[in-house]
Amino acid sequence: RNLSSRAMASLEEVAEMDAAFREEEDKKMVAMDPKKEATVLKSMLDSENVASQCKQVLGTKWPAVRAEKWDGRWSKAPEEELGGAIKKVVLDLEAAHLQPSGIQERLDDGVSAACHGLATLLGH
């Protein structure tokens, strides 16, 4: 439902929109392909463009998170293991927005704030 033509929604309308949003997010989490997400994450972390965006947004936090979690543990992990870990984080946190494919899409669209999500994913 689009509220742009209205100034305010009723509490009932907000609850309905929230329920619809949560249902859609649940579908994304259930339909997640862990191996694909692992491939996307590896590609992002090999990308100079992603590194540049994340350094700009996160400053010194980016190299530290990347080195500790990615270089130190996950960069050499088999895709099945990495994908399983990604799925666990997404499901445990109920956070479909932390799926690497979604983060990559947002970064490609110029939403560099998605680097916060990437850092959160790596931090777990």
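**Close-up views of a predicted model**

**View 1. C54 and C115 are joined in a disulfide, with 2.3 Å between their sulfur atoms.** A disulfide here is a pair of cysteine sulfur atoms within 2.5 Å, and the whole structure holds one. The torsion about the S-S bond of C54 and C115 is about -85 degrees, so this disulfide is left-handed. Distant parts of the chain are linked: C54 lies in helix α3 (residues 48-58) and C115 in helix α7, 61 residues apart. Helices are DSSP runs (H or I, at least four residues), numbered from the N terminus.

**View 2. Helix α2 (residues 34-45) crosses helix α7 (residues 114-123) at roughly 115 degrees, their axes coming within 13 Å.** Axes are lines fitted to C-alpha atoms over the stretch in contact, with angles from 0 to 180 degrees between N-to-C directions. Here L41, M44 and L45 of α2 meet L118, L121 and L122 of α7, where contact means heavy atoms within 4.5 Å.

**View 3. R73 places its charged end over the ring of W74, 3.9 Å from the ring centre.** For Arg, this requires CZ within 6 Å of the ring centre and within 35 degrees of the ring normal.

**Notes.** This is a predicted model: local features need pLDDT of at least 70, side-chain atom pairs count only at pLDDT 80 or more, and totals for chains, interfaces and linings use all residues. Residues are numbered from 1 along each chain as its sequence is written, and side-chain values use heavy atoms, leaving out hydrogens and water.

Definitions and conventions: Helix = DSSP H or I, 4+ residues; strand = E, 2+ residues; numbered from the N terminus.
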